[in-house]
Amino acid sequence: MNKLLATLIAGLFATSVYAQTQAQSTSSTGVPATSTATGMTPATGTAVTPAAGTTVVGTQSTGTSGMAGQTAGSTGNAGADKDIAKANQKEAKEIAKQDEKISKATAKANEKKAKAQQKADKKIADANEKVTKADPEDKAKASAKAEKKIAEANADAHETMIKADEKAQKKIVDANADKAKAQNKAAEKTGKAMAEAHKDAAK
């Protein structure tokens, strides 16, 4: 029986060590600006090449609780079992709270990136329209001007996307750190409760 309980303690502490504190890096859901000019004839005779689309740091977190919802099994001590259940419930509540923060930060970042993309697309469409409407003798000049506007629109959109992800990532890192602390605290309380149960059993 003592070997079984010792194994359970070791397992609970090992679980807390693996608490994930970093959000998994994924590709951004915001579509970077990659629109190309249509109907344009630049002075150089080449197609307008806007700023290349960038892949920004992902904001999705895959951190999960190391102990929430898990049952260590009865210690045979009502007081210890109650303390363990209470510790797990408190951890689960904190994990849910931090997961909600991560979800909100991610949604906000994606919303900002989507708006930045829409703004860039509008500027690019306007630039292309001016080239299309320009007189034949003014096409080259209008094309060069549009090329500059498209490059600026793409650069502005990318900068906004990067800043949105950077802000979200900071919140995600903090949330995952709080999740890890909650997991560690639950493991500590569980370990102490089981130690007390062993102490009482040894009397």
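The side chain of N77 reaches the backbone nitrogen of A80 at 3.0 Å, in a model that is predicted. A polar contact is a pair of N or O atoms within 3.5 Å; within protein, one must be able to donate a hydrogen and the other to accept it, and residues adjacent in sequence count only if both atoms are side-chain atoms. Local features need pLDDT of at least 70, side-chain atom pairs count only at pLDDT 80 or more, and totals for chains, interfaces and linings use all residues. Residues are numbered from 1 along each chain as its sequence is written, and side-chain values use heavy atoms, with hydrogens and water left out.

- N77 is found in the loop between α1 (2-17) and α2 (78-133); helices (H or I, at least four residues) are DSSP runs, numbered from the N terminus.
- N77 counts as buried because its relative accessibility is 18%, where buried means under 20% relative accessible area, exposed over 50%, and partly exposed in between (1.4 Å probe, protein chains only).
- Leaving aside residues up to four places away in sequence, N77 touches A197 and D200; contact means heavy atoms within 4.5 Å.

**Span of α2**

- The 56 residues of α2 should span 82 Å at 1.5 Å a residue, and its end C-alpha atoms are 82 Å apart, so the two values agree.
- The expected span of a helix is 1.5 Å times one less than its number of residues.

**Nonpolar cores**

- Which residues form the largest nonpolar core? Its 9 residues are A116, A120, I124, A127, V131, A146, I150, A153 and A157.
- Both α2 and α3 (139-202) supply at least two residues of this core, and α2 gives the most, with 5 residues.
- A nonpolar core is a set of buried Ala, Val, Leu, Ile, Met, Phe, Trp, Tyr and Cys residues joined through side-chain atoms within 4.5 Å.
- A127 touches A146, K149 and I150, not counting residues up to four places away in sequence.
- Another core, of 5 residues, lies apart from it; among them are A80, A193, M194 and A197.

**Salt bridges**

- The count of salt bridges comes to 9, each being a side-chain nitrogen of Lys or Arg within 4 Å of a carboxyl oxygen of Asp or Glu.
- E100 pairs with K104 in a salt bridge whose closest N and O atoms are 3.5 Å apart. Because E100 and K104 are 4 residues apart in helix α2, about one helical turn separates them. E100 is partly exposed, with a relative accessible area of 45%, whereas K104 is exposed at 57%.
- E111 forms a salt bridge with K115, with the closest N and O atoms 3.6 Å apart. These residues, E111 and K115, are also 4 residues apart in helix α2 and therefore separated by about one helical turn. E111 counts as partly exposed at 45% relative accessibility, and K115 as exposed at 52%.
- D126 and K122 meet through their side chains in a salt bridge (3.3 Å, N to O). As they lie 4 residues apart in helix α2, D126 and K122 are separated by about one helical turn. D126 is partly exposed, with a relative accessible area of 33%, while K122 counts as exposed at 55% relative accessibility.
- An α-helix has 3.6 residues a turn, so residues three or four places apart point the same way.
- K185, E188 and K192 are linked in a network of salt bridges.
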